[in-house]
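This report describes selected helices, strands and residues of one protein model. The text is meant to be read beside the sequence and coordinates shown here.

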Amino acid sequence: MNATTAGGPPQTSYRARVYCFAHAGGSAGEFREWTGLADEVEIIGVERPGRGARFAEPASRDLRALAGELADSLPLDLPFGLFGHSFGALLAFEIAHALRARGRRTPDWLWVSAFPSPDIARREPEVRHLPDADLLWTLHRRHDGIPAEVLESPELIEIVATYMRADYAAMETYRFQDRRPLACALQVLCGADEHDLHDRLGGWEKHSAGAFSMRLLPGGHFYLRRPGNRRRIVQAMRDAAMTIDPTPGVE
């Protein structure tokens with residue numbers, strides 16, 4: 001499996017697993033600091049092509065193709081959930097559908113973070129065609145998530161812009177397909193300060209026939225990097241795992 005484990009020491013007593021997908025331009029390392037926050041849940045940050053341990057591979061510009069590749073690679077021997085932040089939320093949503101289409105075990109939970117309901121047209125101007133530096137500065141002004149050392153280095157700008165552009169190409173060319181709602185529980189998470197997103201979150205409810213909830217946590221787009229918020233998110237994953245029926249679910 002092309003994934004980086006962000007959990008504690010290997011053990012066989014996990015009740016459940018959560019596969020985590022980072023924002024556009026992000027990597028599996030985003031979830032390293034979630035280590036050990038819930039002993040019962042194995043948390044795995046899944047690496048996408050073009051970064052981290054998969055840096056030598058070409059980054060995908062087709063979101064559904066990427067979702068299908070990842071859906072085929074995930075071990076599904078435990079009850080599991082999918083967590084995605086921003087771009088990763090859309091990817092996790094499509095992975096859930098790809099698993100169902102393949103007749104594989106389907107997720108028990110889906111956590112989507114800081115991303116509008118996928119059937120709602122994007123309001124933000126498209127950026128995938130911008131020159132490298134303009135691309136990164138535009139996204140930095142939008143979400144304030146790109147380190148200064150990257151923005152100040154022409155070499156790093158070129159590297160980071162390559163996979164950032166691929167992710168935005170995948171997102172900006174994505175077209176929603178109306179399908180039967182997923183059966184899993186679905187929770188929407190968002191930073192309380194990201195006000196321009198709040199009115200576009202409720203639409204997620206129609207995409208799941210399971211339990212639905214929304215939760216705002218302190219902070220902006222990258223609210224999940226706050227230690228207190230990390231603990232709250234992982235605690236919710238643990239609470240969900242403690243109630244799970246271990247029987248594999250296939251829709």
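With a relative accessibility of 7%, A38 counts as buried. The structure discussed here is a predicted model. A38 is found in the loop that runs between strands β2 and β3. Apart from neighbours within four places in sequence, A38 is in contact with V234 and R238. Along the chain A38 and G81 are 43 residues apart, and their C-alpha atoms are separated by 14 Å.

## Helices α1 and α2

Helix α1 comprises residues 63-73, and among its residues L63, L66, A67, G68, L70 and A71 are buried. The cover over these buried residues of α1 includes the strands β2 (16-21) and β3 (41-46), together with the helices α2 (87-101) and α5.

A101 is found in helix α2. A101 is exposed, with a relative accessible area of 68%. A101 and G68 are 33 residues apart in sequence, whereas the distance between their C-alpha atoms is 9.6 Å.

## Helix α3

Helix α3 has 12 residues (132-143); at 1.5 Å a residue it should span 16 Å, and the 17 Å between its end C-alpha atoms agrees with this. Which residues of α3 are buried? They are L135, L136, L139 and H140. Seen down the axis of α3, the buried residues fall within an arc of 125 degrees, so they line one face of the helix. The buried residues of α3 pack against α4 (148-151) and α5 (154-172). Just after α3, D144 takes a positive phi of about 55 degrees.

Strand β6, residues 185-191, is mostly covered, since 6 of its 7 residues are buried. Strand β5 (residues 109-113) runs parallel to β6 and is joined to it by 5 bridges. In this pairing S113 stands opposite L189 of β6. Strand β6 also pairs with β7 in the parallel sense, over 6 bridges. There, the bridge partner of G191 is L217 in β7.

S208 lies in the loop between α6 (195-198) and β7. The side chain of S208 has a polar atom 3.0 Å from the backbone nitrogen of G210. Leaving aside neighbours within four places in sequence, S208 is in contact with P181, L182, A183, C184, A185 and L186.

H221 lies in the loop between β7 (212-217) and α7 (227-241). The side chains of H221 and S86 make a polar contact at 3.1 Å. Not counting residues up to four places away in sequence, H221 touches H85, S86, A114, H143 and E194.

## Cysteines and accessibility

How many disulfides does a search of the whole structure find? The search finds 0 disulfides. C20 is in no disulfide, and the nearest cysteine sulfur, that of C184, is 15 Å away. For reference, a disulfide is a pair of cysteine sulfur atoms within 2.5 Å.

| Residue | Relative accessible area | Class |
|---|---|---|
| C20 | 0% | buried |
| C184 | 3% | buried |
| S208 | 8% | buried |
| H221 | 8% | buried |

Residues count as buried when their relative accessible area is under 20%.

Definitions and conventions. Residues numbered from 1 in each chain as written. Predicted model: local features only at pLDDT ≥ 70, side-chain atom pairs only at ≥ 80, totals over all residues. Heavy atoms only, no water. Helix = DSSP H or I, 4+ residues; strand = E, 2+ residues; numbered from the N terminus. Expected span 1.5 Å × (residues − 1). Buried < 20%, exposed > 50% of the residue type's maximum accessible area, 1.4 Å probe, protein only. Arc of directions from axis to C-beta. Contact = heavy atoms within 4.5 Å. Polar contact = N/O pair within 3.5 Å; in protein donor to acceptor, adjacent residues only side chain to side chain. Pairing = 2+ DSSP bridges.
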